[in-house]
Amino acid sequence: ETGSAYDAKALSISYTAVKPDAVILADIVEGVGHVDDCMTAVGKIPDTLCAPSWSHNTVVAAVMATKAAGIMGLFHGKCLIDADCGENGVRDYSELSGYKDKNNFVDENQIVCWPMIKLGDYQFHLSTHLAGLMATVDAGNAGVPYESPSNKSLKMDACCLADGTEVDLNWPQVNIVAGDYGVVTAVNFLVGGWVAKGNYTACFPGNTDVKDQFIPVSRMFDYIGNTLIRTFWSKQDKPLTRTLRDSIIQTCNLWLGGLCGSGYLYGARCELLAEENPLTSLLAGHITLHVYNAPPVPAQLIEFILEYDVSYMETALTA
């Protein structure tokens, strides 16, 4: 109210408008390369990389996977990839398996999403909402990414293709997409409303190593590795003594014990193994510590077996 233009009937405003159509593939590829700047600019380790409307491009997806595997050459993260659901993309769920193989979307650092989603008059890439959902789930667990985003609520009204055609997957089809193809999708089933569905990274089903195939397990490996680097970075270049070694191991085991006590890990420990520390390495100032850990796997199948117990009838009728 105290502004000079408060009572004005018209205003003349100048501005510079963003032109999304001016962005080209080379800009996106270059942008992915600048992910490292997050560390130097704001001191944050980016653990989720997104490029909505571009990630379906094989070049962009490959660059994102490469960067996720070595941010600043040290840290690890995941990249969210959208399977193309445009005119020349995946228009039926049955095409996803071949699409993944053809486009080489098989990296353990990639999470593939299909199709797009609607919310009112808006249409989004599923990767965009999945990124927010993952962050929300992490925040509910003190920032520890041990829980899968699968079966968690999405803010959406429908699944759709790029042209707006709605996609209505039934439960068996969702199980094929999320369970057989290793693709994250969305489903509206029972009374839970729309939820994300899928626990696998893009490497599944070709790679079934538990630390690679499951989204939360793989992210926990990234989280533990990233945290250890940041925690012990200050120990670099100090004298390599027994005191330094024991201090690192004890601090690491205390932290891992806290994760176990909170239920974020089944168990974990840090050890120094003689076979991983030959004298030549120690003379070069190189010490290796082995961290054993086991994050929880997602409960993908809960099965009930129903059996008619005749003894109940006998008791009820003869008592």
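**Pockets, cavity and packing in the predicted model**

Helix H6 supplies the largest share of the lining of the second largest pocket, namely four residues. The structure described here is a predicted model. Helix H6 spans residues 171-180, and both this helix and strand S9 (194-197) contribute at least two residues each to the lining of that pocket. The second largest pocket has a volume of about 640 Å³. Its lining comprises 28 residues, of which Ser-150, Asn-151, Lys-197, Ala-299 and Gln-300 are the closest to the centre. By class, the lining of the second largest pocket divides into 16 nonpolar, nine polar and three charged residues.

The largest pocket has a volume of about 960 Å³. A total of 31 residues line the largest pocket, and those nearest its centre are Gly-225, Leu-228, Ile-229, Phe-232 and Leu-289. Two or more lining residues are given by each of helix H7 (210-213), helix H8 (215-232), helix H9 (242-261) and strand S11 (290-294). Helix H8 gives the most to this lining, with eight residues. In the lining of the largest pocket, 14 residues are nonpolar, nine are polar and eight are charged.

The lining of the largest cavity is formed by Cys-159, Val-167, Asp-168, Leu-169, Ala-186, Val-187, Asn-188 and Trp-194. Strand S8 (residues 185-188) provides the largest share of this lining, three residues. Classified by residue type, the lining of the largest cavity has six nonpolar, one polar and one charged residues.

Cys-159 has Val-167 in strand S7 as its bridge partner. Strand S6 (residues 158-160) is joined to S7 by two bridges, and the two strands run antiparallel. Both strands belong to an open sheet of four strands, arranged in the order S5-S4-S6-S7 with antiparallel pairing. Strand S5 (122-125) and strand S7 (166-167) each have a single partner strand and stand at the edges, so one side of each lacks a neighbour in the sheet. Helix H5 (residues 126-139) lies across strand S4 (116-119) and S5, and runs at about 75 degrees to S5.

Helix packing was described in terms of geometry and contact residues. The packing of two helices is described by the angle between their axes and by the distance between those axes. Helix H1 (residues 25-33) packs with helix H3 (residues 58-68) at an angle of about 5 degrees, and their axes lie 9 Å apart. Because of this angle, H1 is roughly parallel to H3. On the H1 side, the contact is made by Leu-25, Ile-28, Val-29, Val-32 and Gly-33, while H3 contributes Val-59, Val-60, Val-63, Met-64 and Lys-67. By class, the contact of H1 with H3 has eight nonpolar, one polar and one charged residues.

Conventions: Residues are numbered from 1 along each chain as its sequence is written. This is a predicted model: local features need pLDDT of at least 70, side-chain atom pairs count only at pLDDT 80 or more; totals for chains, interfaces and linings use all residues. Side-chain values use heavy atoms; hydrogens and water are left out. Axes are lines fitted to C-alpha atoms, for helices over the stretch in contact, and angles run from 0 to 180 degrees between N-to-C directions. Angles under 35 degrees count as roughly parallel, over 145 as roughly antiparallel, 65 to 115 as roughly perpendicular and the rest as oblique. Contact means heavy atoms within 4.5 Å. Ala, Val, Leu, Ile, Met, Phe, Trp, Tyr, Cys and Pro count as nonpolar, Asp, Glu, Lys and Arg as charged, and the others, Gly among them, as polar. On a 1 Å grid over the protein atoms alone, a cavity is a set of points where a 1.4 Å probe fits but cannot get out, and a pocket is an open set with protein on both sides within 12 Å along at least five of seven lines; lining residues have an atom within 4 Å of a point. Two strands pair if DSSP finds at least two bridges between them. Grid points are joined across faces, edges and corners, and a volume is the space filled by probe spheres set on the points.
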